[in-house]
Amino acid sequence: MKVLVVGGGGREHTIVRKLKESPRVAEIYCAPGNGGISRDAQCVDIAAMDIEKMVAYAREQKMDLVFVAPDDPLAAGMVDALEQAGIRAFGPRANAAIIEGSKVFSKELMKKYHIPTAGYEVFEDPQKAADYIQAQNQYPVVVKADGLALGKGVVIAQNFEEAQEAIHSIMEEKVFGASGNRVVIEEFLTGPEVSVLAFTDGNCVKPMVSSKDHKRAYDGDQGRNTGGMGTISPNPYYTEELAEQCMRTIFQPTVEAMKAEGRPFKGCLYFGLMLTANGPKVIEYNARFGDPEAQVVLPRLETDLMDVIDAVIDGTLSELELKWSDTAAACVVMASGGYPGSYPKGIEIRGLDANGQVEGATVYHAGTSYQDGVFRTAGGRVLGVTGLAESLDKALQKAYEAVDQISFEGAHYRKDIGRTK
């Protein structure tokens, strides 16, 4: 098979690596890809959001499958366009990807179908949003931009001043563009966080192994929210009993709710959960693999990913048994100095061989370029270094040993992945 993966980050590198393991896949292309991906697939210079060019390229090259990995092209309808052109595609259509594309939509869906989530209100007027927060006078409070914001559209405000600043930057300064036309003001939930990715064909839902993401930029969960600074799998707080409860109260009801709304969801559905004193609740949905969750979940998948993709597209997921390894996985993200704010690019990365591998771990490239045999930084999150071992402690040890062998000027990473609640 000839497969085209859309995107160019650490998640896409993980997907490319997993597809390479399939005996059914002969050629892998990635658009636009990155430096590390170029060692594993043929990179194509088409922007992930260029739907017209992507469809034309897939048609010209007679691709057997296009795997649309990032949130933006899914929300913009890339899968719809590919299917209309007769090209087989993995990922939800635009009318289902709205579950991530609009926080307002997802909150109202949960309210309508009694799926447990945090209490909330929606505002289009910044003054009314601020008045509501002041009247509630309960902190911390969560302020969310309605639309897509690269995983950074959520502010946990500790007091009224911080909440006001969040409303101002999202709704008035429009730091996330039109995504900030509306905000969701949400009660702050406490408890361990769990990420559960699930394959679904619109009827059947099969959760993957659990993981835990570390969103804050610095050790001790300090600093601003990022797209994710590291992950572990399995999540130590997620028991079999909780998994059964989530299946009954959250996973299956969500898939059925989307179907009932005439928006059947086919692809990878991500559940961001909080294990509260009152049971598991949904913090957020994503319409695709998380990044860097994919970097610890996909390496543990033993079933051929191509077989899973076919079952999702063809609606036969209930007939396929998913097999997972009992190993633990840990991913440490190495980021550019300044991230999640502004950061320099083009800095040489040392300690990687031509395959982007170091002993004892796998290095997934998130923001790199490759020219004349040299890898350079090209993004905020640069590398995701994943260790696999029989225990979480050993997986973390492997990941950090590998990180120690890699260097670039200004690099920063969290030293407490897997150690914080």
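**Notebook: cores, salt bridges, pockets and cavities**

I looked up the largest nonpolar core and found 48 residues, of which Leu4, Val66, Leu82, Ile99, Phe251 and Leu273 touch the most other members. Helix H9 (residues 240-260) gives the largest share of this core, seven residues. For this entry a nonpolar core is a set of buried Ala, Val, Leu, Ile, Met, Phe, Trp, Tyr and Cys residues joined through side-chain atoms within 4.5 Å. Buried means under 20% relative accessible area, exposed means over 50%, and partly exposed is in between (1.4 Å probe, protein chains only). Helices (H or I, at least four residues) and strands (E, at least two) are DSSP runs, numbered from the N terminus.

I note that this is a predicted model, in which local features need pLDDT of at least 70 and side-chain atom pairs count only at pLDDT 80 or more, while totals for chains, interfaces and linings use all residues. Residues are numbered from 1 along each chain as its sequence is written, and side-chain values use heavy atoms, with hydrogens and water left out.

I listed the contacts (heavy atoms within 4.5 Å) of Val66. Leaving out residues up to four places away in sequence, Val66 touches Leu4, Val6, Ala58, Leu82, Ile87, Arg88, Ala89 and Phe90. A second, separate core has 41 residues, including Phe67, Phe289, Ile309 and Leu317. As background, nonpolar side chains tend to be buried together in soluble globular proteins.

I also checked Asn286, which lies in strand E17. Its relative accessible area is 7%, so Asn286 is buried. With residues up to four places away in sequence not counted, Asn286 touches Glu100, Cys268, Leu269 and Tyr270.

**Salt bridges**

I took a salt bridge as a side-chain nitrogen of Lys or Arg within 4 Å of a carboxyl oxygen of Asp or Glu. By this rule I count 23 salt bridges.

Arg17 pairs with Asp40 in a salt bridge, with the closest N and O atoms 2.9 Å apart. Arg17 is in helix H1 (residues 10-20) and Asp40 is in the loop between strand E2 (27-32) and strand E3 (42-43), so the pair ties together parts that are 23 residues apart in sequence. Both Arg17 and Asp40 are buried.

Glu83 and Arg93 meet through their side chains in a salt bridge of 2.7 Å, N to O. This pair links distant parts of the chain, 10 residues apart: Glu83 is in helix H4 (residues 78-84), and Arg93 is in the loop between strand E5 (89-90) and helix H5 (94-101). Glu83 counts as partly exposed at 31% relative accessibility, and Arg93 counts as partly exposed at 44%.

Arg414 and Asp221 form a salt bridge of 2.9 Å, N to O. Here the linked parts are 193 residues apart, with Arg414 in the segment after helix H12 (392-404) and Asp221 in the loop between strand E13 (216-218) and strand E14 (222-225). Arg414 is buried at 0% relative accessible area, whereas Asp221 is partly exposed at 32%. I also found a network in which salt bridges that share partners join Arg24, Arg88, Asp307, Asp310 and Asp314.

**Pocket**

Grid points are joined across faces, edges and corners, and a volume is the space filled by probe spheres set on the points.

The second largest pocket holds about 440 Å³ of space. It is lined by 17 residues, and the closest to its centre are Lys152, Val154, Val155, Arg224 and Asn225. Strand E8 (154-157), helix H8 (160-172) and E14 each give two or more residues to this lining. H8 gives the largest share, five residues.

**Cavities**

I found three cavities of 30 Å³ or more.

Definitions and conventions. 1 Å grid on protein atoms, 1.4 Å probe; cavity = no way out; pocket = protein on both sides within 12 Å on 5 of 7 lines; lining within 4 Å.
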